[in-house]
Amino acid sequence: MRRALILRGGRVLRFGAAALEALDVRIGGDGRIAEVGPSLPDDGAEILALGGQLVLPGLVDMHQHLDKSRTRALLDNPSGTLKGASAAYRALAPSITKEQMIARARATVDACSAHGTVAIRSHTNIDPQSGVRGVEAMVALREQCAHRMRIQVVGHVTSEATSMLPESEAWLRQAVDLGIDAIGGVPAFSSEPEAFLKLLFACAERSGLPLDMHIDEHLDSGRAVFSELARLTRAYGMQGRVVAGHSSALSAMSPDRAKRTIDELREAGVGIVTLPAANLFLQGREADRLPPRGLTRVKELLAAGVPVATASDNIQDPFVPIGSGDLLEMARWTVVAAHFGLGDLRTVFEMVSSMPAQMIGLGADWGIRKGARADLLIARAETIEDVVASGALERTVMIAGQVVSQIRVQNF
Ligand SMILES: [Zn+2]
């Protein structure tokens with residue numbers, strides 16, 4: 001077991017606290033937080049003097065696609081649409097080896113880690129072109145990177161697979177056997193969306209895994225399946241274990257219908273993740289003026305008490321050709337794209353930290369509290385709002401109390 005470590009002289013955001021506090025953090029040799037308090041005694045521990053830096057919980061990027069990450073230069077998406085992106089990736093997928101997929105994904109994991117992310121939930125394609133090959137690769141990546149990033153793999157049934165119900169069920173069984181962490185898929189791609197949705201719930205029930213779906217990613221309120229989603233969540237007793245990604249069609253509804261739908265989602269205990277990069281890039285391309293933003297009703301959902309996270313989604317692939325892996329950059333995009341106000345930056349910080357941590361089930365193992373693993377972002381900044389607004393030039397990222405990346409500024 002390692003020597004204990006004390007983070008001394010930081011300003012700490014304790015789990016559940018509204019404000020920073022001048023506290024020390026003692027990390028045991030097991031990499032877990034042993035004590036948080038003022039002026040902790042040395043007791044033979046190693047000391048890391050922080051000189052007033054912020055000690056924050058590590059960021060949680062709860063929706064990415066590491067299997068497709070960094071394929072941008074290998075293909076094109078001339079229409080710039082979701083359909084175009086899916087077709088481009090489908091054509092490329094059979095030629096990608098597992099080793100290539102892992103190497104590109106590792107580069108994205110490195111970038112995310114350097115910016116302060118400590119956990120990534122990654123949706124991994126299950127489709128007729130590659131079956132569960134991507135899942136095999138991402139499960140291997142999860143093990144390779146375990147010392148520096150907590151990765152969750154979602155079995156993401158997509159493209160034509162969503163209309164091949166018996167085959168999809170078999171692929172999902174294989175993916176569960178391979179060790180995925182959650183069940184996902186795209187009901188909107190299916191010729192039988194409600195039957196496909198039910199298949200995903202049945203698979204979740206059988207495997208005991210949570211659900212995290214791309215529930216729409218279109219702006220057609222006539223095709224929305226939120227009511228069925230809420231009904232199934234209650235019927236299967238999965239309150240708090242179902243996440244609906246995108247939920248863009250909520251923005252296309254009348255305010256009255258949207259309010260009723262939001263109430264249904266809250267009562268069913270469904271969490272929402274908004275994905276501004278993909279929504280802004282892919283949605284609304286057909287408009288000849290005033291193109292819509294494509295996001296869900298982020299502020300209304302939060303005001304109603306529905307948990308909402310924001311996340312990177314695709315990084316440098318046909319769905320979104322850019323992306324630095326900086327989740328705080330995504331937080332900034334969310335401020336702009338979801339029309340937040342100047343006083344909302346602290347709320348947006350929760351959308352990349354406590355809210356996704358809760359939604360992906362990290363539970364008491366995340367956050368600055370006794371017993372949680374010491375997965376931390378230490379940043380030189382005045383306030384949390386400053387970190388959201390502009391990031392921090394100097395930062396240290398720890399996993400289980402060990403430094404996994406560090407950026408320092410030198411003035412000459
Ligand atoms: Zn996605």
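Mentor: Two residues are in contact if their C-beta atoms, placed from the backbone, lie within 7 Å. Keep that in mind, and remember that this model is predicted.

Trainee: OK. Which residues in H5 meet residues in H6?

Mentor: From H5, they are Glu 194, Leu 197, Lys 198 and Phe 201. Their partners in H6 are Glu 228, Leu 229 and Leu 232. By class, the contact of H5 with H6 has four nonpolar and three charged residues, and no polar ones.

Trainee: Where do those helices sit in the chain?

Mentor: H5 covers residues 193–207, and H6 covers residues 226–235. They pack at an angle of about 30°. Their axes are 11 Å apart.

Trainee: So what do we call that arrangement of H5 and H6?

Mentor: Roughly parallel, because angles under 35 degrees count that way.

Trainee: And is the crossing left-handed or right-handed?

Mentor: H5 passes H6 in a right-handed crossing.

Trainee: New topic. What is the phi of Ser 247?

Mentor: Near 55°. That is a positive value in a residue other than glycine.

Trainee: Where does Ser 247 lie?

Mentor: In the loop between strand E11 (242–245) and helix H7 (255–268).

Trainee: Buried or exposed?

Mentor: Ser 247 is buried, because it has 31 other C-beta atoms within 10 Å and the cut-off for buried is 20 or more.

Trainee: What about the phi of His 339?

Mentor: For His 339, phi is near 60°, again positive in a residue other than glycine. His 339 is in the loop between helix H10 (327–337) and helix H11 (345–350).

Trainee: Is His 339 buried or exposed?

Mentor: His 339 is exposed, because it has 12 other C-beta atoms within 10 Å and 12 or fewer counts as exposed.

Conventions:
Residues numbered from 1 in each chain as written. Predicted model: local features only at pLDDT ≥ 70, side-chain atom pairs only at ≥ 80, totals over all residues. Helix = DSSP H or I, 4+ residues; strand = E, 2+ residues; numbered from the N terminus. Axes fitted to C-alpha atoms, helices over the stretch in contact; angles between N-to-C directions. Parallel < 35°, antiparallel > 145°, perpendicular 65-115°, else oblique. Left-handed = near helix turned anticlockwise from the far one by under 90°. Nonpolar A, V, L, I, M, F, W, Y, C, P; charged D, E, K, R; others polar.
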